[in-house]
Amino acid sequence: MTIAPDKLTALVAAALGQDASRAIADLVVPTDIPDSGPDTVTRAEFALAMTVALHWGLLARVPTAAAYAVDCRAAGRPIMLDHGALRTVVLPDGAATGAIPAGAAAFARILQPLGYSRADIYPLDRLRMTGFAWCHDDFPDSIAQFFVSELHVDRFDADFAAAATRIFATTRDALDDSANATLAAFAAQGQVSLAQALAAMPAIVGAFDRHHDVPSVRDYETLKASSAEAAWIATEGNAFNHGTDRVTDVEAVADAQRAAGRAMKDRVEVSGSGRVRQTAYRADWVERPFVDDNGTQVTLTVPGSFYEFIDRAVDPASGRLDLKFDSSNAQGIFKMTASLDA
């Protein structure tokens, strides 16, 4: 028996409230995740609910993605969430990012207890970043992967490093005692009580957000001059940079979205193997607060998050769907949050 619908709804509602049912209905719910009983939540059940909540949060921040979800609802085709991506920062000398661990380690402490393992490392040298793919051990084909990237501040100049430190060293830890205790229990025994899972869900989902102070305009512009990615993290933090629908023909989807008048990447990125093809919307623009030189809060319009599309072929060597990523593809997709066309 697959995960009980009422349990999944309760878990998602712990983070989303009354929007839970709609958030679940938007996505393909795996049928191979067994239900652990009415009073227990396994790491896979929790991971599934967490990804549903994070996807809904992305739709709330990205109007173009929300419009695509409306189209899918009208067509009766739920979205197959392939992966979500987030960006992190590694300050010089491996210093902690404020109150959280440096870089991807801030989310390894969430993903590992929930059954994810780091599957691959992807150099993103053009961006002075590194990407890490996290795949679920129990249900790799069914539960969305995470693509967590690190921006290496020590690969930039001293002015950049100083600005980055002023911004990101103020990061607060969203994980409270309940969340940390729940993650420890998942790590030790692979499951927790339903009550414990419900109590921890809001803080764990909430960790995927911006938790540092409002940046100054001057520091933001310093980062932006050298790295669109760093500037994006300054305003959006560790929120989902993008979510991804796994489709059967990415080029057909791209053509349909252009015909609908939505701003798309100019071309499809194709992996070295030829089995993974990706494209995306250009980032929606959002208004974000900053502090000017006089200490006054101002609002600027900057690139926000976006939505991606991917199709995957079977790897003949394994006979299974190729779940890998590609460094070149990723760097092309990352340009969707740049201020200029890519």
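This is a predicted model: local features need pLDDT of at least 70, side-chain atom pairs count only at pLDDT 80 or more; totals for chains, interfaces and linings use all residues.
Residues are numbered from 1 along each chain as its sequence is written, and side-chain values use heavy atoms, without hydrogens and water. Local features need pLDDT of at least 70 and side-chain atom pairs pLDDT 80 or more, whereas totals for chains, interfaces and linings use all residues.

Helix H6 (residues 158-168) packs against helix H9 (residues 217-226) at about 130°, with the axes 9 Å apart; helices are DSSP runs of H or I with at least four residues, and strands are runs of E with at least two. H6 is therefore oblique to H9, since angles under 35 degrees count as roughly parallel, over 145 as roughly antiparallel, 65 to 115 as roughly perpendicular and the rest as oblique. The contact (heavy atoms within 4.5 Å) includes Phe160 and Ile167 of H6 and Leu223 of H9.

Rings of Phe, Tyr and Trp (its six-membered ring) pair if their centres lie within 6.5 Å, with planes under 30 degrees apart counted as stacked, over 60 as edge-to-face and the rest as tilted; by this rule there are 17 aromatic pairs. The rings of Tyr281 and Phe309 have centres 5.2 Å apart and planes at 85°, so this pair is edge-to-face. Because Tyr281 lies in the loop between strands S9 (276-280) and S10 (285-291) and Phe309 in strand S12 (residues 306-312), the pair ties together parts 28 residues apart in sequence.

Burial is tabulated below, where buried means under 20% relative accessible area, exposed over 50% and partly exposed in between (1.4 Å probe, protein chains only).

| Residue | Relative accessible area | Class |
|---|---|---|
| Tyr281 | 1% | buried |
| Phe309 | 0% | buried |

Elsewhere, ring pairs link Phe107, Tyr116, Phe146, Phe208 and Phe240 into a cluster.

Key:
Axes are lines fitted to C-alpha atoms, for helices over the stretch in contact, and angles run from 0 to 180 degrees between N-to-C directions.
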